[in-house]
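Please keep the structure in view while reading the points.

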Amino acid sequence: MSQEAIPSWNANVVPDPPPPSDLQDEVADALSNHIHLMPSLMDSPFTSEEVHAAAKAMKKTTAPGPDGVPAALLSHGPPIFYTLLTDIFNFSWERGVLPLDWKKAEAFALFKKGDHSDPSSYRLISVTNTVMRLFERLVYGRLVSHLDSNQFFTSNQAGFRKKLSTLDNICKLVRDMYASMRKGKSLPVVFLDIIKAFDRVPHSLLLYKLSALAGVTGRAWGWLRAFLMDRKFRVGQNGQHSDWFSASAGVPQGYVLSPLLFAIFINDLDPDCLSHLPLR
């Protein structure tokens, strides 16, 4: 509701204030309780059939990442190729570890709108290793199956979900508007626009919500912790690259899992979910 202009980009941005101390204590306590040791139905190892099916489903025209591996190569390998890939993925899944190179991304700036000389007019899109993208597809399938079977998402969450879109919420809004008009009543509406939403997700709070609200524990939680931590990216343009930078927060644009993780993070913003939060 403010009339003030949206702040412009600043290299010396003051970090977001920490959450309230009681929430900090609860998050720290949850993350120290060895969530990755708690058994989960998602703990089972991947099979070579799963890996092969996920590889065939990848877009063949997608650009290769820093590893230089074309997506088409992953979908046309011999049986031993998928057996070896499965062994590598299961080693990572069971131990909650990832090679550092798999957490590096080549980023490029996609112009949105505004002043071409203003860095805030661009969105960074990450191009990750192709093998890592294949692994993410496998984990994505496990997470979606778990969340859907437990009816985790609120009925009002239409973004980043299969067979749903923001058009569903627009239809709901139009329906409620006409209903209010027929009754001669006004309809208060609030729109919330989160600036650089993906970049502002704190890893500790996301991991807390994954376990406390979404019920993601065991190997899945341990692997996602490794996936989020110690990520690096650099920006490239016309063969020139910046230094490597650490990404200490946020779910990066361009990753397979990022939209789903963001939807999990904001799911409890729905008014229907507020009364069910474990925090008091």
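**Notes on the model**

1. Arg175 and Asp176 form a salt bridge, with their closest N and O atoms 3.4 Å apart. The term stands for a side-chain nitrogen of Lys or Arg within 4 Å of a carboxyl oxygen of Asp or Glu. Asp176 is partly exposed, at 33% relative accessibility. The class names are set by relative accessible area: buried is under 20%, exposed is over 50%, and partly exposed is in between (1.4 Å probe, protein chains only).

2. A word on the source. This is a predicted model, in which local features need pLDDT of at least 70, side-chain atom pairs count only at pLDDT 80 or more, and totals for chains, interfaces and linings use all residues. Residues are numbered from 1 along each chain as its sequence is written, and side-chain values use heavy atoms, with hydrogens and water left out.

3. Now the overall picture. The chain has 10 helices and 5 strands. Both are DSSP runs numbered from the N terminus: helices are H or I with at least four residues, strands are E with at least two. Of the 280 residues, 35% count as buried. The accessible surface comes to about 17200 Å². Carbon and sulfur atoms hold 59% of that surface. Areas come from the Shrake-Rupley method with a 1.4 Å probe; for residues, only the protein chains shown count as cover.

4. Among contacts in the chain with a separation of 6 or more, 70% join residues 24 or more positions apart. A contact means heavy atoms within 4.5 Å.

5. How many salt bridges does the structure hold? There are 6. Side chains of opposite charge can pair when their charged atoms come close. One of the pairs is Glu50 with Arg142, at 3.6 Å from N to O. Glu50 lies in helix 2 (residues 48-57) and Arg142 in helix 5 (residues 130-149), so this pair ties together parts 92 residues apart in sequence. Glu50 is partly exposed at 31% relative accessibility. Arg142 is buried at 13%.

6. Another pair is Asp268 with Lys209, whose closest N and O atoms are 3.0 Å apart. Asp268 sits in the loop between helix 9 (258-266) and helix 10 (271-274), and Lys209 in helix 7, so the pair ties together parts 59 residues apart in sequence. Asp268 is buried, with a relative accessible area of 13%. Lys209 is buried too, at 15%.

7. Is helix 9 enclosed or open? Helix 9 is largely enclosed by the rest of the structure, because 7 of its 9 residues are buried. Among them are Leu260, Phe262 and Phe265. The buried residues of helix 9 pack against helix 5, helix 7 and helix 8 (218-228).

8. Gln157 belongs to the loop between helix 5 and helix 6. Gln157 is buried, at 11% relative accessibility. Setting aside residues up to four places away in sequence, Gln157 touches Leu164, Ala263, Ile266 and Asn267. Ala263 is also one of the buried residues of helix 9.

9. Gly215 lies between helix 7 and helix 8 and is partly exposed at 31%. Its C-alpha is 8.4 Å from that of Leu147, 68 residues away in sequence. Asp67 lies in the loop between helix 2 and helix 3 (71-74) and is partly exposed at 30%. Beyond its neighbours within four places in sequence, Asp67 contacts Asn129, Thr130 and Val131.

10. Which residues form the nonpolar patch on the surface? They are Leu167, Ile170, Val174, Met177, Tyr178, Met181, Leu187, Val189 and Phe191, with about 910 Å² of accessible area together. Patch residues have over 30% relative accessible area and no salt bridge; nonpolar side chains (Val, Leu, Ile, Met, Phe, Trp, Tyr) are joined within 5 Å, like charges within 9 Å. Leu187 is in the loop between helix 6 (166-182) and helix 7 (203-212). Leu187 is partly exposed, at 34%.

11. The surface also carries a patch of positive charge, made of Lys112, Lys113, Arg123 and Lys196. Lys and Arg count as positive, Asp and Glu as negative; His and the chain ends are not counted. Each charge is placed at NZ of Lys, CZ of Arg, CG of Asp or CD of Glu. Lys113 is in the loop between strand 1 (104-111) and strand 2 (122-128). Lys113 is exposed, at 68% relative accessibility.
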